[in-house]
Amino acid sequence: MKRYLPLVLLLLTHSSTLAASDKPRREGKDLVEQAEIRNVFGLPSFEMKASVRIDNKGQPLDGSYILLWNGPEQWREEISLPGYSEVKVGGKGVVSLKRSTDFMPLQLNPLYQTLSYGRALATGPEETVKQVHHRNVNGVKVGCAEIAEQQYHTTLREVCVDLSTGALVRQPPLLDREMMPIGAKLFPRFLSYVEKGKPLAEVQVTELKTTEQLPSSGFEPPVGAVSKPGCMSPNTGLLVKKMTPSYPELEKRSGHEGTVTMYALIGTDGVPQGLRIVSGVTPGLNKASLDAVQQWRYKPYTCDGIGAVEVETLIVVNFSLSLQ
């Protein structure tokens with residue numbers, strides 16, 4: 001019997017190690033499930049209206065937002081601001097978009113992020129819970145599931161949950177408050193994006209109500225919309241090849257530094273397309289950014305059931321002489 005004892009101990013030790021390693025994953029999945037239970041997007045149908053405000057180079061712009069929801073295969077979003085309008089309609093694996101510009105405006109990016117509350121909670125087929133953290137966020141005790149991409153083990157996002165209510169809690173620069181119940185669901189009455197104490201986007205929900213199934217006529221794409229394969233919340237893509245921009249000698253000697261922001265469409269092959277400078281520094285730094293980003297490659301964004309999809313994004317490249 002004694003000669004078998006080391007083997008038994010080894011098996012017991014291995015088993016307990018596996019159990020310990022599974023604990024964060026189980027706890028993280030439980031947190032995500034709590035957030036999904038409270039998530040308004042679990043409702044079969046609802047209608048939301050809100051007033052919105054964005055910062056436009058120091059000047060506030062006021063507008064409106066409407067969301068009609070019949071489930072993930074039938075929804076409609078409308079954003080209206082002075083000088084800008086956007087309508088996005090989701091169908092079965094297709095998203096139709098009509099906007100008054102031919103690219104995603106820089107000033108609207110904080111608003112898009114503010115409006116993303118409650119979306120993309122569940123882990124995708126190639127995602128896993130890496131670990132769980134407990135912390136205080138704005139005085140609220142939360143549990144945060146750190147979600148990573150399985151192949152590259154890279155952290156993609158965190159899902160944080162109020163341990164007392166099960167409501168989703170987002171971290172700075174996003175700030176949400178005044179949770180209101182919609183049946184068994186919870187949604188903030190006020191959402192914002194605050195950077196260095198300055199609000200770049202604010203959303204005040206003026207109406208949120210459950211409804212009977214909304215008529216299909218309200219989900220017809222507007223005339224002139226461009227339709228592509230997609231969904232409301234694609235699974236997060238991943239930058240897998242990054243080329244660091246070269247710092248032009250002329251800009252070094254002249255002391256030029258700063259941040260270049262460009263619009264890009266990440267294709268189904270993971271290649272950035274349609275690159276366009278939306279906020280630049282100097283011609284030399286702008287060109288260096290474009291030259292580098294053209295060589296970047298992504299693991300494509302995906303939608304469950306339809307695979308890789310094109311996704312708009314803003315890419316930021318920083319130039320700092322102190323890092324040279």
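Contact in these legends means heavy atoms within 4.5 Å. The structure is a predicted model, in which local features need pLDDT of at least 70 and side-chain atom pairs count only at pLDDT 80 or more, while totals for chains, interfaces and linings use all residues. Residues are numbered from 1 along each chain as its sequence is written, and side-chain values use heavy atoms, with hydrogens and water left out.

**View 1. Glu47 in strand S1.** Glu47 is found in strand S1 (residues 46–56); helices (H or I, at least four residues) and strands (E, at least two) are DSSP runs, numbered from the N terminus. Glu47 counts as buried because its relative accessibility is 16%; buried means under 20% relative accessible area, exposed over 50%, and partly exposed in between (1.4 Å probe, protein chains only). Beyond its neighbours within four places in sequence, Glu47 is in contact with Leu67, Leu68, Glu207, Leu208, Lys209 and Thr211.

**View 2. Leu208 and the nonpolar cores.** Leaving aside neighbours within four places in sequence, Leu208 is in contact with Phe46, Glu47, Met48, Met180, Ile182 and Phe187. A second, separate core of 18 residues includes Met262, Ala288, Ala292 and Cys303. A nonpolar core is a set of buried Ala, Val, Leu, Ile, Met, Phe, Trp, Tyr and Cys residues joined through side-chain atoms within 4.5 Å. The largest nonpolar core has 48 residues, of which Phe46, Met48, Tyr65, Leu111, Val159, Phe187 and Leu208 touch the most other members.

View 3. Strand S10 (residues 174–182) and strand S11 (residues 185–195) run antiparallel and are joined by 8 bridges; two strands pair if DSSP finds at least two bridges between them. Ile182 stands opposite Lys185 in S11. The two strands form a hairpin with 2 residues between them, and Gly183 in the turn has a positive phi of about 65°.

**View 4. An open sheet of 4 strands.** The strand order is S6-S7-S8-S9, with antiparallel pairing. Strand S6 (127–137) and strand S9 (168–169) are the edge strands, each pairing on one side only. Strand S7 (residues 140–149) pairs with strand S8 (residues 155–162) in the antiparallel sense over 7 bridges. Cys144 has Cys160 in S8 as its bridge partner. Strands of a sheet pair through backbone hydrogen bonds, either parallel or antiparallel.

**View 5. The second largest pocket.** This pocket holds about 710 Å³ of space. Its lining consists of 34 residues, and the closest to its centre are Pro72, Ala120, Cys231, Ser233 and Asp304. Strand S5 (94–99) and strand S18 (302–303) are the elements that give two or more residues to the lining. A pocket is an open set of points on a 1 Å grid over the protein atoms alone where a 1.4 Å probe fits, with protein on both sides within 12 Å along at least five of seven lines; lining residues have an atom within 4 Å of a point. Grid points are joined across faces, edges and corners, and a volume is the space filled by probe spheres set on the points.

**View 6. Ser279 in strand S16.** Ser279 has its place in strand S16 (residues 272–279). With a relative accessible area of 28%, Ser279 is partly exposed. Ser279 and Val260 lie 19 residues apart in sequence and 5.8 Å apart in space, C-alpha to C-alpha. Apart from neighbours within four places in sequence, Ser279 is in contact with Leu106, Thr259, Val260 and Thr261.
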